[in-house]
Amino acid sequence: MSERRTAGSSGLAAERNKGMETLRLKREVGLISAVSLIAGTMIGSGIFMSPEWVLYHMGSPAGSLIIWAACGLLVMFAALSYAELGTIIKESGGEYIYILRNFGSFPAFLFAYTSVIMVRPASVAGVSLSFAEYAVAPFYPGCSPPQVLVKCTAATCILLLTVINCLNVKLATSVMNVFTAAKLLVLLVIAVGGIVLLINGQTQSFQNAFQNTTAGIGPVGVAFYQGLWSYDGWNNLNYVTEELKKPEVTLPRAVMIAIPLVTCLYLLVNVSYFAAMTPAELLSSGAVAVTWGNKVLGSWAWLISLAVAMSTFGSANGTFFSGGRMCYIAAREGHMPDILSMAHVRCFTPSPALIFTSAMSLLMIIPGNFSSIVNFFSFVAWIFYGTTIAGLLYLKIKKPELPRAYKVPIFMPIIMLIASVYLVLAPIIDQPQMEFFYVILFILSGVIVYFPLVHFKCHPRFLPGVTLHLQLLLEVAPAAKNVN
């Protein structure tokens, strides 16, 4: 965990520099690819599974739709705030690099420690479990598939993604583009189907739409967790800032295109679900989109299962991609072992970081289920989202002279910060659970790791030897940071 600052990641290229071969990042991500990265990761498992849980916690169709719209608005404020941060701090790394530059090494390490070991693997595991549910659902009509089969399928998904991302960057991005097209198509099919149902008079779910709406701060907060899970990925572009063409232009424009597009599709899809199913039917459905397909498409319902599985696989690919990058960037800043900051000498991919992320994700699958993983992920994520937004407010108030190509009105980060505090505190106040205490305890346990290993650099003597052997085994080498 030395303090050397090397870098590199997917999109790495070999270049000659002063007679030595080094690895550098290329600025190859344009506007279309940026929009695809945001939308392609956001549209994944959530919209096909979270509607059931949002309805469960809100109690009514109208309450659910309000949550979905509010989630879209909140994410828009958050993403625009992150866009300003990305034009001030033009480095890859997302929340990690912003916390590091604004608040210093210790809080940045706590984020990296929590994110690399728990949050990112939990996100990959959650999306993979969703993929598995839909991949095996057609083989078990009318009943739930065995959990062992679901978890084995999710593990296979993670291993396949590891191979794809380690072998070839272009292959990984091509998978993202193809599966983004597939998920947009399936959402359009569901949305158009809902419009047809409404025209034919199937509006029973919207009669007395506010009846039984929940108003408690705890259930509303958990409903936000479930809804915001479907928007996860809105910040992915900030993890690849060093690879964006004209980041000061591309970053805000991509956000302004991708997030309103996804929000509108989500609202139309939820309306379609309620047009096809009563609230009771939706609550009893383990796979909402499959149930919709059975009711609306009949014998062609298998297409929905296939399309949703493709969609969630593509989202898992994007989540895995950024998760491995998070691990890689933390290592290059000296907060993780050196081996995780290295890239493959022929494939030019951060394979050690990807393999580590894969291993942690596989461990998360063993005890987890979709709902518990989402709640855990959201609780931890919003602690650090709030910290990052506080850093932006600090820069706006204390350092307004810093050059920035894009500015958001100050009310946006303020609303985002208030929402972050609410989403962290509401479930604890309303329904305190030991799990939340364990999560906070885990974050604070980073103190035990940080001071001896990072601050005082008390490394085991065998660590350099282990790093060298792993370098030879994995065929990886240090990579140079893109300083342009």
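When I give an angle between two helices, I mean the angle between their N-to-C directions, running from 0 to 180 degrees, with each axis a line fitted to C-alpha atoms over the stretch in contact. Keep that in mind. And note that this is a predicted model.

Start with H9 and H11. H9 covers residues 247-276, and H11 covers residues 288-296. They pack at an angle of about 55 degrees. Their axes are 10 Å apart. The crossing of H9 past H11 is left-handed. Who makes the contact? From H9, we have Ser-272, Tyr-273 and Ala-276. From H11, we have Val-288, Ala-289, Trp-292, Lys-295 and Val-296. By class, that contact has six nonpolar residues, one polar and one charged.

Next pair: H2 and H3. H2 is residues 46-58, and H3 is residues 61-88. The angle here is about 125 degrees, with the axes 9 Å apart. That angle makes H2 oblique to H3. Which hand does the crossing have, left or right? For H2 and H3, it is right-handed. On the H2 side, the contact uses Gly-46, Ile-47, Ser-50, Pro-51, Val-54, Leu-55 and Met-58. They meet Pro-61, Gly-63, Ser-64, Ile-67 and Trp-68 in H3. The contact of H2 with H3 splits into eight nonpolar and four polar residues, with no charged ones.

H3 has another partner, H4, at residues 95-103. The axes of H3 and H4 come within 11 Å and cross at roughly 60 degrees. H3 and H4 are therefore oblique as well. Their crossing is left-handed. H3 brings Tyr-82, Leu-85 and Gly-86 to the contact. H4 brings Glu-95, Tyr-98 and Asn-102. The classes are three nonpolar, two polar and one charged.

H6 runs over residues 147-167, which is 21 residues. From first C-alpha to last, H6 reaches 30 Å. That is close to the 30 Å expected at 1.5 Å a residue. Which residues of H6 are buried? They are Val-150, Thr-153, Ala-154, Cys-157, Ile-158, Leu-161, Thr-162, Ile-164, Asn-165 and Cys-166. One reminder on helix geometry. An α-helix has 3.6 residues a turn, so residues three or four places apart point the same way. Back to H6: what do its buried residues pack against? Four helices: H5 at 105-136, H7 at 169-199, H12 at 302-332 and H13 at 351-365.

First, Thr-153, which sits in H6. Is Thr-153 buried or exposed? Its relative accessible area is 17%, and the cut-off is under 20%, so Thr-153 is buried. Leaving out residues up to four places away in sequence, Thr-153 touches Phe-131, Ala-132, Ala-135 and Val-136.

Then Ala-155, also placed in H6. With that same exclusion of residues up to four places away, Ala-155 touches Leu-362 and Ile-365. How far is Ala-155 from Val-290? In sequence, Ala-155 and Val-290 are 135 residues apart. In space, they are 22 Å apart, C-alpha to C-alpha.

To recap the pairs: H9 crosses H11 left-handed, H2 and H3 cross right-handed, and H3 and H4 cross left-handed. Thanks, and over to you.

How values were computed: Residues numbered from 1 in each chain as written. Predicted model: local features only at pLDDT ≥ 70, side-chain atom pairs only at ≥ 80, totals over all residues. Heavy atoms only, no water. Helix = DSSP H or I, 4+ residues; strand = E, 2+ residues; numbered from the N terminus. Expected span 1.5 Å × (residues − 1). Buried < 20%, exposed > 50% of the residue type's maximum accessible area, 1.4 Å probe, protein only. Contact = heavy atoms within 4.5 Å. Left-handed = near helix turned anticlockwise from the far one by under 90°. Nonpolar A, V, L, I, M, F, W, Y, C, P; charged D, E, K, R; others polar. Parallel < 35°, antiparallel > 145°, perpendicular 65-115°, else oblique.
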